[in-house]
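Here is a short report on side-chain contacts. Look at the structure first, then read on.

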Amino acid sequence: MLSSFFKSNSQEVESSTYNVMLQALLSHSVKEVSVSQLKNGEKDIIYLDSRAKEEYEVSHIEDAIWVGYENPDFSRISSLDKDSKLVVYCSVGYRSEKLAEKLKAKGFTNVSNLYGGIFEWKNQGYQVVDEKNEPTDSVHAYNKVWGIWLNNGVKVY
């Protein structure tokens with residue numbers, strides 16, 4: 001049975017302006033989950049990072065599996081059960097939404113997109129780790145246009 005937060009697509013982030021942008025940017029084609037929903041008790045989640053390898057190396061959610069976006073490396077998740085609780089993320093949620101669509105097409109049944117991405121994760125004060133799995137305040141901000149949505153942490157370009 002799917003968890004309750006995997007059923008809702010009416011998500012919000014802390015910034016109303018950021019929320020308006022996300023509502024327009026995303027197609028909402030897959031289930032979405034907010035940072036606050038994740039931090040309120042769901043267990044056994046596997047995080048998949050859909051950003052470029054350079055972005056992942058700057059920082060990522062602890063224990064996240066890097067899959068990528070341009071040429072996703074699905075071999076990195078080939079051992080996962082198709083019913084695993086997967087939460088896919090990127091900077092803001094666009095690339096992760098597209099990867100989540102591909103995962104669903106590959107037969108994964110419990111896939112959600114992290115609404116607001118790693119930017120919102122960090123904006124709400126949650127920890128990210130670097131390539132050595134050490135806590136860091138740095139987050140790859142993709143570029144200066146998209147970086148405006150990252151309000152907490154050190155922006156790396």
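The side chains of Glu97 and Lys98 form a salt bridge, with 3.5 Å from N to O. This comes from a predicted model. Both Glu97 and Lys98 are buried. Glu101 joins them: Glu97, Lys98 and Glu101 make up a network of salt bridges. The general idea is simple. Side chains with opposite charges can pair when their charged atoms come close.

**Salt bridges**

How many salt bridges does the structure hold? There are five.

| Pair | Closest N to O distance |
|---|---|
| Arg95 and Glu55 | 2.8 Å |
| Lys122 and Asp137 | 3.2 Å |

Take Arg95 and Glu55, whose salt bridge has its closest N and O atoms 2.8 Å apart. Arg95 sits in helix α4 (residues 94-105) and Glu55 in helix α3 (residues 53-58), so their pair ties together parts 40 residues apart in sequence. Arg95 and Glu55 are both buried.

Now take Lys122 and Asp137, with their closest N and O atoms 3.2 Å apart. This pair also links distant parts of the chain: Lys122 is in helix α5, while Asp137 is in the loop between β7 (135-136) and β8, 15 residues apart.

**Aromatic pairs**

Tyr18 belongs to helix α1 (residues 16-25), and Trp149 to the loop between β8 (138-140) and β9 (154-156); the two are 131 residues apart. Both are buried.

Tyr47 and Trp121 pair in another way, edge-to-face, with 5.7 Å centre to centre and 75° between the planes. Tyr47 lies in strand β2 (residues 45-49) and Trp121 in helix α5 (residues 117-123), 74 residues apart. Tyr47 counts as buried at 13% relative accessibility. Trp121 counts as buried at 3%. Ring pairs also bring in Tyr126: Tyr47, Trp121 and Tyr126 are linked into a cluster.

**Charges over rings**

Lysines also meet rings. Lys82 lies over the face of Phe108, 4.4 Å from the ring centre. Lys102 lies over the face of Tyr69, at 5.9 Å from the ring centre.

Note on methods
Residues are numbered from 1 along each chain as its sequence is written. This is a predicted model: local features need pLDDT of at least 70, side-chain atom pairs count only at pLDDT 80 or more; totals for chains, interfaces and linings use all residues. Side-chain values use heavy atoms; hydrogens and water are left out. Helices (H or I, at least four residues) and strands (E, at least two) are DSSP runs, numbered from the N terminus. Buried means under 20% relative accessible area, exposed over 50%, partly exposed in between (1.4 Å probe, protein chains only). Rings of Phe, Tyr and Trp (its six-membered ring) pair if their centres lie within 6.5 Å; planes under 30 degrees apart count as stacked, over 60 as edge-to-face and the rest as tilted. A charge sits over a ring if NZ of Lys or CZ of Arg is within 6 Å of the ring centre and within 35 degrees of the ring normal. A salt bridge is a side-chain nitrogen of Lys or Arg within 4 Å of a carboxyl oxygen of Asp or Glu.
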